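Hi,

Here is the structure I promised to send over. Have a look at it first, and then read on for my notes.

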Amino acid sequence: MTAPAAPVLRHTQFIVRLGEPGDAEGLRTYLLANRSAFAPVEPRRPENFYSLEFCLMRLALNRSHYQEGRSVSMLVFEPDNRTVIGTINFTNLVGYPYHGATLGYSLAQTHWGRGLMREALTLTLAWIFESHNLHRVTANHLPDNERSARLLARLGFRREGYAPDYLLIDGVWRDHVLTALTSDTWTARDTSAELVWQGTGRPSPI
């Protein structure tokens, strides 16, 4: 999957874009400030995860994976375009015959309850569905993470399943609710179009 031009998505409350080397200190500050808040819903992190060197390496890897069409890992900034307040990641980007990705996100605890992540995800989901011609984006959450459950439901994600012992969270195997958002207007654009029924994959009703 060829990567489109790197996005810079602007909103009155935030900016979403790929991270640059100069954002490493801001990313480190964000991770350290929210370490305790994120611990109950994330895998345990080694100590060097919070180092400046690791943040630099992470940003470089994110950009490399973007250019290779493997993932889109973006940072959410305050309108000043310097202060990191969140992350939005689309990983496992796959083209034909799946045309999908997996969504992950985080937001600074100081910004919870403002509807900011809903706005940021609305913007980025619209962008990635169009730019990468996706048919499906999946997102999974802990059963007791009601905040994420409500957010995903408001964005149109539908529950598709329940996976016991799905992921190690805070050192423990935890169940996850599986959800997905699909496009009803997807149309093949690339060389695989001739392999897709009527270009949409949707047979005409009888």
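One term before anything else: a residue is called buried under 20% relative accessible area, exposed over 50%, and partly exposed in between, using a 1.4 Å probe and protein chains only. With that in hand, T91 is partly exposed, its relative accessible area being 29%.

Please keep in mind that this is a predicted model, where local features need pLDDT of at least 70 and side-chain atom pairs count only at pLDDT 80 or more, while totals for chains, interfaces and linings use all residues. Residues are numbered from 1 along each chain as its sequence is written, and side-chain values use heavy atoms, with hydrogens and water left out.

The overall picture

The protein chain has five helices and eight strands; here helices (H or I, at least four residues) and strands (E, at least two) are DSSP runs, numbered from the N terminus. Along the sequence they come in the order β-β-α-α-α-β-β-β-α-β-α-β-β. The protein chain has a radius of gyration of 18 Å, close to the 17 Å that the globule rule gives for 206 residues, so it is as compact as a globular protein of that length. That radius is taken over C-alpha atoms, and the rule is 2.2 Å times the number of residues to the power 0.38. Along the principal axes, the C-alpha atoms fill a box of roughly 55 × 35 × 30 Å.

Of the 206 residues, 43% count as buried. The protein chain exposes about 11,300 Å², with carbon and sulfur atoms supplying 53% of it; accessible areas come from the Shrake-Rupley method with a 1.4 Å probe, and for residues only the protein chains shown count as cover. Contact means heavy atoms within 4.5 Å. Among contacts in the protein chain with a separation of 6 or more, 60% are between residues 24 or more positions apart.

A helix pair

Two packed helices are described by the angle between their axes and the distance between the axes. For helix α1 (residues 24-33) and helix α3 (residues 52-67), the axes come within 9 Å and cross at roughly 115 degrees. Axes here are lines fitted to C-alpha atoms, for helices over the stretch in contact, and angles run from 0 to 180 degrees between N-to-C directions. On the α1 side, A24, E25, L27, R28 and L31 meet L52, C55, L56, R58 and L59 of α3. Those residues divide into seven nonpolar, no polar and three charged, where Ala, Val, Leu, Ile, Met, Phe, Trp, Tyr, Cys and Pro count as nonpolar, Asp, Glu, Lys and Arg as charged, and the others, Gly among them, as polar.

Not counting residues up to four places away in sequence, G19 touches L59, R63 and L75. At 7% relative accessible area, G19 is buried.

Loops worth a look

What kind of peptide bond joins Y96 and P97? It is cis, with omega at about 0 degrees, and P97 has its place in the loop between β4 (84-94) and β5 (100-107).

Two asparagines have a positive phi. For N81, in the loop between β3 (72-77) and β4, phi is near 65 degrees. For N133, in the loop between α4 (116-131) and β6 (136-141), phi is near 50 degrees. N81 is partly exposed at 26% relative accessible area, whereas N133 is buried at 11%.

P40 lies in the loop between α2 (35-38) and α3 and is partly exposed, at 45% relative accessibility. Leaving aside neighbours within four places in sequence, P40 is in contact with L142, I169 and R174. P40 and I169 are 129 residues apart in sequence, yet 7.0 Å apart in space, C-alpha to C-alpha.

Back to the threonines

T91 is in strand β4. Beyond its neighbours within four places in sequence, T91 is in contact with R70, S71, A101 and T102. The C-alpha atoms of T91 and A101, ten residues apart in sequence, are 5.7 Å apart in space.

T122 lies in helix α4 and is partly exposed at 42% relative accessibility.

Best wishes
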